[in-house]
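Colleague: Before we discuss this model, could you take me through the terms applied to it and set each value against its definition?

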Amino acid sequence: MQVEVISHKDEAIEAKNEAVARALETIGLVAERYAKEYAPVDTGRLRNSISHQAEPDEGAVYIGTNVEYAPYQEFGTYKMPGTPFLRPAIENHLGEYKQIVQNELKS
């Protein structure tokens, strides 16, 4: 009797990495949408500048904007209170993001 052991470790790792990449991209899209909903709007420049970048190799997704006045809107100044839009887009939806990861890993 011969027993042959076949390893599918590499395929399993690749499938996990692909699931993580999909989850990060989905989280980025969802968080970007929330940030745009929370962003204060005058001309729409800030809202339209919000974007995301998923970095699967880092296990991270970045949400942000390159508009120079965004930090003042987010954190405020000594003359005005902030109107956070990035932090709530993340903090208020952590359960949803966790569920996205779980769903992708199950598939």
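**Values and cut-offs**

Modeller: Ser49 counts as buried, because its relative accessibility is 16% and buried means under 20% relative accessible area, exposed over 50% and partly exposed in between, with a 1.4 Å probe and protein chains only. This is a predicted model, in which local features need pLDDT of at least 70 and side-chain atom pairs count only at pLDDT 80 or more, while totals for chains, interfaces and linings use all residues. Residues are numbered from 1 along each chain as its sequence is written, and side-chain values use heavy atoms, with hydrogens and water left out.

Colleague: What makes the pairing of the side chains of Ser49 and Thr65 a polar contact?

Modeller: The side chains of Ser49 and Thr65 are joined at 2.4 Å, and a polar contact is a pair of N or O atoms within 3.5 Å, where within protein one must be able to donate a hydrogen and the other to accept it, and residues adjacent in sequence count only if both atoms are side-chain atoms. The Ser49 side chain also reaches the backbone oxygen of Leu46, at 2.7 Å.

Colleague: Why is H1 called roughly antiparallel to H5?

Modeller: The axes of helix H1 (residues 9-38) and helix H5 (residues 94-106) come within 8 Å and cross at roughly 150°. That makes H1 roughly antiparallel to H5, since angles over 145 degrees count as roughly antiparallel, under 35 as roughly parallel, 65 to 115 as roughly perpendicular and the rest as oblique.

How values were computed: Axes fitted to C-alpha atoms, helices over the stretch in contact; angles between N-to-C directions. Helix = DSSP H or I, 4+ residues; strand = E, 2+ residues; numbered from the N terminus.
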